[in-house]
Amino acid sequence: MEVVDGGRNFHGFIRITEDDKWYEVTIVKMMDGFVATFTNITERKQAEEKLRSNYMELVSARETLRRLNAELEDKVAERTRALAVSEERFRLVSRVTNDALWDWDFVNNIVWWSDTFFHRFCHEIPGKPPDRKGWLLRIHPDDRAATEDSIYAAINSHQTQWSREYRFRREDGSYASILDRAYILHDPNGTPYRMLGSMLDISDLKKATEELARAKQVLEEKVAERTAQLQQLNEALETSNHELQQFASIASHDLQEPLRKIHMFANAIRERYDGQMPDDVRTHFNKIVRSTDRMRALIIDILNFSRLSAEVSFFKKTDLKVVFAEVVDDFELNIREKKAELTAGDLPEIDILPGQFRQVLHNLISNALKFSKPGVPPIIRLDAQCIRDKDFNSPADPYGDYYRFSLTDNGIGFEEKFADDVFKLFQRLHSKDRFEGTGIGLAITKKIIERHNGAIAVHSKEGKGTIFEWILPKKH
Amino acid sequence: MLKYKKILLVDDDSDDRQIFEELLHELDPDTVIDNAENGLEMVAILNNAADDDLPGLIILDQNMPRMTGKESLVFLKAQPRYKNIPTIVYSTYQVRDFYLECLELGAQDVVAKPDTMQAYREMIEQFLVTH
């Protein structure tokens with residue numbers, strides 16, 4: 001229409017959709033009409049299209065390539081970093097560890113050594129790291145051949161691991177004890193081509209182990225020596241103890257003999273010449289007799305004391321009411337004389353060495369009567385209480401394993417600070433002129449209580465009285 | 001009252017032997033007393049005695065050298081010739097175990113040596129009367 005009305009020419013492309021063909025159309029106005037030429041340009045169009053699409057592909061491919069490249073670079077950077085970290089780690093480890101690391105390339109027969117190797121064993125000569133031969137030459141002559149045989153045997157028999165202990169010379173000429181452990185790498189054909197190992201310096205460990213062994217040996221020797229000494233001492237002690245008992249026994253017998261004679265003959269003279277004796281002679285005679293009596297009492301007590309340890313007797317369940325009654329009977333005369341009052345609470349039946357325990361009660365009651373206040377009738381009381389523990393402060397417990405006994409008197413008492421002394425052999429708190437006695441009774445008492453696995457203690461106040469307390473197990 | 005013609009006293013203590021003899025003869029001057037100082041001497045005396053001259057009673061002290069009272073007792077009780085002779089052990093050794101042991105071995109009695117003349121006299125009377 002434009003061509004016709006405007007008088008202008010038209011040039012354009014038309015696509016016929018039916019057959020998907022392109023035509024170039026040129027319309028030129030003529031006088032009274034127009035000329036339209038149609039040129040089939042389908043092929044040209046198609047080529048053009050292909051070119052364009054190819055170009056697009058090229059562009060996108062280049063883009064992809066660039067992206068891949070960037071990714072690759074990232075990856076390389078990342079791997080490089082990782083490698084650096086790994087290398088750093090290896091470097092740190094090889095520096096921190098005492099192991100000298102080595103890497104042996106069989107193909108070129110080159111050995112790489114870690115810093116530790118140079119640091120610990122030989123100074124590095126730049127450019128000239130020791131090879132296998134240099135390494136072998138540093139091994140102690142006595143270990144060298146065996147080590148060499150062993151490493152080549154491992155390689156040649158296609159082992160994957162090798163380890164060996166040997167002595168390796170340090171720069172200063174001294175030898176380090178080495179534990180060398182290595183892996184042998186094989187190529188896909190099974191040919192060994194590389195060996196990686198670490199030389200662990202076990203000198204300190206070895207030294208420590210040896211020292212430990214030596215210390216142990218010394219200790220064992222010492223223990224054996226001390227044991228032998230103790231055994232000897234023990235035997236000596238046993239012998240001496242036995243001898244002592246024998247001595248006490250024999251001595252007291254032999255001492256008794258002449259004493260008996262003195263006593264007897266002095267008495268004989270006194271009996272015969274009593275009426276004719278001047279008073280002072282009679283007094284002297286009485287003194288002789290009294291001294292011999294006292295000496296005899298001492299000897300008999302020593303004999304009893306020494307015999308206690310040797311004596312074999314058996315524990316027997318005994319009614320202490322009966323024992324108490326018997327002991328009270330023994331003192332009947334004394335009790336009547338002093339108008340003493342002896343009572344007991346409820347006394348149990350327990351396992352005792354009857355003869356010995358009787359002596360305990362005898363000694364304690366004898367003391368209570370002896371150390372009474374002049375002119376004051378003694379009041380003596382024995383009590384027993386079942387307790388839980390072998391402890392003077394133990395709470396009462398009717399099902400307990402122990403009995404706590406107490407013997408209370410209203411006698412002259414003594415100062416509490418002497419409480420421990422009274423149980424000592426020959427220890428006396430009063431002069432023998434005032435109170436007769438040998439100073440052995442309470443030592444015997446304590447010994448007997450201890451033979452019963454018991455304990456004894458005393459509390460006293462001067463002028464107020466004394467309490468003996470003792471603990472005995474119910475059963476033996 | 002006395003039933004032994006002859007007593008053998010075995011004791012190494014001469015004082016004791018003397019006192020024993022004196023007090024015995026106070027009681028009966030006719031009783032013959034033989035003395036031995038220890039067990040070996042006792043054996044010799046007994047072995048040399050004729051059968052009708054053996055003592056009627058043997059008193060043994062315990063503490064003697066060479067052969068003690070207990071050893072002498074064992075010897076006597078093992079010999080048919082002597083085992084029926086009453087034998088008494090006397091000693092300063094006053095231990096219960098010893099006492100029981102001697103009775104077991106066949107002693108007639110075991111007594112403590114007295115320490116007064118009166119007790120001595122009584123002991124000898126006991127020996128002569130009850131055994």
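1. Helices (H or I, at least four residues) and strands (E, at least two) are here DSSP runs, numbered from the N terminus. On that basis B:Met42 lies in helix α2 of chain B. Residues are numbered from 1 along each chain as its sequence is written, while chains are lettered from A and ligands numbered from 1 in the order in which they are written. The model is predicted: local features need pLDDT of at least 70, side-chain atom pairs count only at pLDDT 80 or more, and totals for chains, interfaces and linings use all residues.

2. Confidence. pLDDT is the predictor's confidence in each residue, from 0 to 100. Chain B has a mean pLDDT of 88, with 95% of its residues at 70 or more. Among the elements of chain B, the highest mean belongs to strand β1 (residues 6-10), at 94, and the lowest to helix α5 (residues 117-130), at 84. For the complex, the predictor gives an ipTM of 0.73 and a pTM of 0.44.

3. Layout of chain B. The chain has 5 helices and 5 strands, and along the sequence they follow the pattern β-α-β-α-β-α-β-α-β-α. Of the 131 residues in chain B, 34% are buried (20 or more other C-beta atoms within 10 Å of the residue's own; exposed means 12 or fewer, partly exposed in between, with C-beta atoms placed from the backbone). Two residues are in contact if their C-beta atoms, placed from the backbone, lie within 7 Å. Among contacts in chain B between residues at least 6 apart in sequence, 65% join residues at least 24 apart.

4. The sheet of chain B. Its 5 strands form an open sheet in the order β2-β1-β3-β4-β5, with parallel pairing (two strands pair if DSSP finds at least two bridges between them). β2 (32-36) and β5 (109-112) of chain B stand at the edges with a single partner strand each, so one side of each has no neighbour in the sheet. Direction ignored, neighbouring strands of this sheet are turned by 20° against each other on average. The parallel pair β1(B) and β2(B) is joined by 5 bridges, and B:Leu8 stands opposite B:Asp34 in β2(B).

5. Helix packing. Helix α2 (residues 39-48) and helix α3 (residues 69-78) of chain B pack at an angle of about 30°, their axes 9 Å apart (axes are lines fitted to C-alpha atoms, for helices over the stretch in contact, and angles run from 0 to 180 degrees between N-to-C directions). α2(B) is therefore roughly parallel to α3(B) (under 35 degrees; over 145 is roughly antiparallel, 65 to 115 roughly perpendicular, the rest oblique). B:Gly39, B:Met42 and B:Val43 of α2(B) make the contact with B:Glu71, B:Ser72 and B:Phe75 of α3(B). These residues divide into 3 nonpolar, 2 polar and 1 charged (Ala, Val, Leu, Ile, Met, Phe, Trp, Tyr, Cys and Pro count as nonpolar, Asp, Glu, Lys and Arg as charged, and the others, Gly among them, as polar).

6. B:Met42. This residue is buried, with 26 other C-beta atoms within 10 Å. Leaving aside neighbours within four places in sequence, B:Met42 is in contact with B:Leu8, B:Val10, B:Ala36 and B:Ser72. B:Met42 and B:Leu60, 18 residues apart in sequence, are 9.6 Å apart in space, C-alpha to C-alpha.

7. Strand β6 (residues 161-169) and strand β7 (residues 175-186) of chain A run antiparallel and are joined by 9 bridges; A:Arg167 stands opposite A:Ser177 in β7(A). The hairpin of β6(A) and β7(A) has 5 residues between the strands, and A:Gly173 takes a positive phi near 95° there. The contact between the chains takes 10 residues from chain A and 8 residues from chain B. On the side of chain A that touches chain B, the residues divide into 2 nonpolar, 4 polar and 4 charged.
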